[in-house]
Every structure is written in C-alpha cells, then in structure tokens.
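The entries follow in the order I made them.

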Amino acid sequence: MEQKIIYYNATMKDVANAAGVSTATVSRALTKPDQVSVKTRQKVEQAASKTGYDAYYLTKNIKSSKPKTIFVAIPDITNPICPDIISGIEQVAAEQGYMVLIGDCKHYQKQQYTLIDIFISQRIDGIVLLNSDIPFSLTNRKPKDFPPIVVANEFVPEFKLATINIDNLTYSFNAINYLQKLGHKYIACITGPETFLSCQYRLQGYMQAIQRAGNKVQQEYIINSDFSYQGGAEGIKKLFTLPKPPSAIFCHNDIMAIGAIWQAKRMGLTLPRDLSIIGFGNLNFAQYSEPALTTIEQPRFEIGRQAMLLLLAKIQGHEIDKNAKLLDCHLIIRDSVCPPKD
C-alpha cells in the first residue's frame, strides 16, 4: 500500500513536484482543465489530493465568487511613507470594488515560492510594488504568468514596468540650489540605501547642484545611511569630526533629518544658526520638530491613487505608457534653514 505523504500548508509547488509538472501546468489543470490533456489533469488532481492542496485551492478559487483583489508589496511595514500611499490605493480600489492585500517585502523573501503560487494561480488581479527589491522572480518567466504590475514611489527599470513617481533628481537639485542661494558653500548629504534607485537620483541631484555652482563634490561630505533616525544621528557625528564641518545638510528622508536635528542639539549646536538641515518627504511630524523641518513635499496619497488608476487601466487591457509618470513636488520652507553665520 502506498504511503500517503502529509503536507502542511501545501503550495502549488508541492503539487507540481508530486505530479512531475510545472506550477503553470498545475494552474491550468485546476483552473482551465480544457487546456491540458485528460492524463495530465488526472495526474495533477491526484497530486493535489495527495498533498492536501485541493480542498484549500478549490474553496479559495471558485471563479464565480472570487473577489477582485490587489496585492501591494511594501518595502517595510514600519516605513511612515507607506500609509499615505496605501490610502490612495485603497480609495480607488474601494470605489472599483477591489480588495487590497498588503505584504511586507522584508519577510516575503523567504516565502518566494508561496507568492509565485498565488500569482500564477490568479488569486489576485494585479500588483502594486512600492519597492525596487522585487519579492519574487520575474526573470525566466513569461509575462502571462503574472497579473498586471505597476510600480509606485520607486523604479524597477530592468523590467520596464509602468511607474508613478516623482523627479527625485530635479527636486533634490532644487533643495541644494535653495541652500546655495542662501549663501551655503559647505553642504553635506546623508543618503538613503544605495540599492534604492530613488536615492541614487537624489544623490545625483545633490552632486549636480554642487558642480553647477562651480564647486567640487567632496566625498567626505557624503554619508551613506539607511533611512533611520539613528542613521541621521550617526551622520552628524561623522560630519562634525571633519576639519571643516558643513554649514548645511541635505537628508534623503525626514526620519534621518529628525535624527540629525536631535544629535546636533546634543552636541550643543544651535539650529539653524550653526547648522541648516533639509529633509525629504514632508512626513506629518516634520512640521512639529524643533526647529520645524524644511523639506521636499512628496505627494504620497496621489502617488498611490495614480498607481491604482494605472493598474486598473492595465487590468482592463488598455495600452500603458512604460515611461514613468512623474508627479510634481514642492519645497516646504520652515525653520530648520537660514543663511550661514559666516
């Protein structure tokens, strides 16, 4: 008598392995049985029964009752930029009768096959990525294996996905140019993660503004960091060990800027007289810092709303421009910046 193998939380990959076929074949056999041979369908159904996958699958994927669902992949659920973007997505999704599922990419890397199973089995209608570090493999797969995908607030140029974002380079350039017009010559930059293309553009904007003013970019004024409060605080410590500390600092996000303000005060600096600081994002708490933070406003809600509208257009089969759509930003001038004291 054949021993039955027991699987817990069986996935489509388990069924594919048991049947000796691909996950795509499993998907077709279970959702579109007319597209596979009788022999293959029987083999898949037997494997599904053997692994315990069929009961779960069939209760979740009855096509007539399947809810319209969008998956939003976010870089970090603790990142404060995410709620506003998700709110914009949710507004449009609710109006159009879609349910939104949210996944934290920090933890999905270890569950790649589970995600691929969900996507291939068509349990979701579309994907919005808020992250350039894609939590599943698009390489060596056919486009038809995935539902429509759009990117919000980041760039994934290697896959030419439709994107809603801002012009990070131009608005970073404008922020540095504003400091230069106030008279600042020694301007530092505390960057976000190097793997984020948006941070690469922000750094380019900083460097181009320095060079456009006829100055040389000083590498010791560029501190690589991680978008955290501690990263901003540590950046200040490093910059103020230099023989000539900066008179102004551009931080790639508001969180690092607040960390920098906190550390500068602990070191006895008076802001903005001794040090001007500009952030990026205009998070809700930025106006309540002391001093109130000058920052670049990021239209997070509108980014989410536009991304969902773009995804709906793709779902409906419309031709989509693969070039990124860039939304307008503004420099919000508050109290953390003033002309240099000397």
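I started at L129, which stands opposite V151 in strand 4. The model is predicted, so I note the limits: local features need pLDDT of at least 70, side-chain atom pairs count only at pLDDT 80 or more, and totals for chains, interfaces and linings use all residues. Residues are numbered from 1 along each chain as its sequence is written, and side-chain values use heavy atoms, with hydrogens and water left out.

Entry: strand 3. Helices (H or I, at least four residues) and strands (E, at least two) are DSSP runs, numbered from the N terminus. Two strands count as paired if DSSP finds at least two bridges between them. I found strand 3 (residues 126-129) joined to strand 4 (residues 149-152) by three bridges, and the two run parallel. Strand 1 (residues 69-74) also pairs with strand 3 in the parallel sense, over four bridges; there, F71 has I127 as its bridge partner. I then checked the faces of strand 3: G126 and V128 on one side and I127 and L129 on the other are all buried (under 20% relative accessible area; exposed is over 50%, partly exposed in between; 1.4 Å probe, protein chains only).

Entry: Six strands form it in the order 7-6-8-9-10-12, with mixed pairing. Strand 7 (222-224) and strand 12 (330-332) are at the edges with a single partner strand each, so one side of each has no neighbour in the sheet. Strand 6 (residues 187-191) and strand 7 pair in the parallel sense over three bridges, and C189 has I222 in strand 7 as its bridge partner.

Entry: N253. I located N253 in the loop between strand 8 (248-251) and helix 11. N253 is buried, at a relative accessible area of 10%. Leaving aside neighbours within four places in sequence, N253 is in contact with F227, G279 and F280 (contact means heavy atoms within 4.5 Å).

Entry: helices 10 and 11. I took axes as lines fitted to C-alpha atoms, for helices over the stretch in contact, with angles from 0 to 180 degrees between N-to-C directions. The axes of helix 10 (residues 229-239) and helix 11 (residues 254-266) come within 6 Å and cross at roughly 50°. Helix 10 and helix 11 are therefore oblique to each other (under 35 degrees is roughly parallel, over 145 roughly antiparallel, 65 to 115 roughly perpendicular, the rest oblique). The contact includes Y229 and I236 of helix 10 and M256 and W262 of helix 11.
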